Amino acid sequence: MKPGFLMVVSGPAGVGKGTLVSELIRLNEQTLLSVSATTRAPRPGEEDGVQYWFKDRQSFEQMIHEDQLLEWVEYCGNYYGTPVDHVTASVAEGKIVILEIEVEGALNIRRIFPDAVLVFILPPDLETLKKRLSGRGTEPEDVIYRRLKRAEEELSFLSRYDYFVMNVSIPQAVEKLTKIIDAEQRRVNRNPELVQRFQVV
C-alpha cells in the first residue's frame with residue numbers, strides 16, 4: 001500500500017484552489033478532502049460525515065478543550081474546525097487527505113503534523129489574479145482591492161511552504177499536484193516497511 005499523508009493547499013482568493021482540489025480528487029481515488037466539523041445547522045441534502053461533521057456548540061467546545069482539532073475558527077456565529085482523529089485515521093488507511101486552508105492555519109497544522117506537505121497555489125502574476133477576481137463580476141472594486149492586498153500578505157508566507165504550483169491551466173496544475181503526491185509517496189522515510197525489506201541481516 002502506498003503511504004498516506006496530509007497535504008495542505010493554500011493560495012489567495014481567485015487562484016483556483018477549489019477547482020484544482022476538486023479535479024485532483026476526481027482523478028485520484030487515493031485522495032480525499034478533509035471533512036470539517038461545524039456547529040451550523042445542516043442544509044437540505046447535507047449528510048453528517050459527508051459535507052461536514054455536524055456538532056452542537058457544547059460538543060465542539062469540548063473538542064477544542066481536548067485538543068481534538070487541527071485548527072478551528074468561529075465565523076458568523078458558528079464554529080468550523082478540522083478533527084484530528086478523522087485525518088489520522090484516513091492517513092493510516094493510505095489516503096492523501098487534502099486540507100484547503102489559509103496560510104496561518106497551514107503553519108499551525110505543520111506544528112501538529114510535522115510531515116504534512118504544504119503546497120501553495122500561485123497565479124501566473126498579480127495582474128492575472130486581479131483579472132480573475134474582476135471576471136467573477138460578483139464583488140465591487142473595493143472588495144477586489146482588499147483581496148489583492150490580502151493576496152500580497154499571503155504571498156509573504158511562500159518561503160514557508162514545501163512546494164508551489166502555478167495555476168496557468170487546470171490540467172497542467174493538476175498534473176503538477178499529482179507529481180508532488182507521487183514524489184512524496186516515494187520518500188524513504190514514508191516507507192519504513194520497504195527499508196526493512198532491503199536491510200541486509
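View 1. Three bridges join β2 to β7, and the two strands run parallel. Strands here are DSSP runs of E with at least two residues, helices are runs of H or I with at least four, and both are numbered from the N terminus. Two strands count as paired if DSSP finds at least two bridges between them. The model is predicted: local features need pLDDT of at least 70, side-chain atom pairs count only at pLDDT 80 or more, and totals for chains, interfaces and linings use all residues. Residues are numbered from 1 along each chain as its sequence is written, and side-chain values use heavy atoms, with hydrogens and water left out.

**View 2. Five strands form an open sheet.** The order is β2-β7-β1-β8-β9, and the pairing is parallel. Because β2 (31-33) and β9 (163-166) stand at the edges with a single partner strand each, one side of each is left without a neighbour in the sheet. On average, neighbouring strands of this sheet are turned by 30° against each other, direction ignored. Strands of a sheet pair through backbone hydrogen bonds, either parallel or antiparallel.

**View 3. Strand β1 pairs with β7 and with β8.** β1 is joined to β7 by five bridges, and the two run parallel. In this pairing, leucine 6 has valine 97 of β7 as its bridge partner. Of the residues of β7, four of five are buried, where buried means under 20% relative accessible area, exposed over 50% and partly exposed in between (1.4 Å probe, protein chains only). Strand β1 (residues 5-10) also pairs with β8 (residues 117-122) in the parallel sense, over four bridges. Methionine 7 has valine 117 of β8 as its bridge partner. Helix α4 (residues 103-112) packs on the sheet and touches β1, β7 (96-100) and β8. The direction of α4 makes about 160° with that of β1; axes are lines fitted to C-alpha atoms, for helices over the stretch in contact, and angles run from 0 to 180 degrees between N-to-C directions.

**View 4. Glycine 11 lies in the loop between β1 and α1 (17-27).** Glycine 11 counts as buried, because its relative accessibility is 9%. Leaving aside residues up to four places away in sequence, glycine 11 touches Lys17, Phe120, Ile121 and Glu154; contact means heavy atoms within 4.5 Å. Glycine 11 and valine 103 are 92 residues apart in sequence, with 7.6 Å from C-alpha to C-alpha. Glutamate 154 belongs to helix α6 (residues 141-155) and is buried, at 7% relative accessible area.

**View 5. Phenylalanine 60 and tyrosine 79 form one of five aromatic pairs in the structure.** Rings of Phe, Tyr and Trp (its six-membered ring) pair if their centres lie within 6.5 Å; planes under 30 degrees apart count as stacked, over 60 as edge-to-face and the rest as tilted. The ring centres of phenylalanine 60 and tyrosine 79 are 4.9 Å apart and the planes lie at 5°, so the pair is stacked. The pair links distant parts of the chain, 19 residues apart: phenylalanine 60 is in helix α2 (residues 57-65) and tyrosine 79 in strand β6 (residues 78-83). Both residues, phenylalanine 60 and tyrosine 79, are buried. Tryptophan 72 and tyrosine 79 form an edge-to-face pair, 5.6 Å centre to centre with 80° between the planes. Tryptophan 72 is partly exposed, at 41% relative accessible area, whereas tyrosine 79 is buried at 7%.
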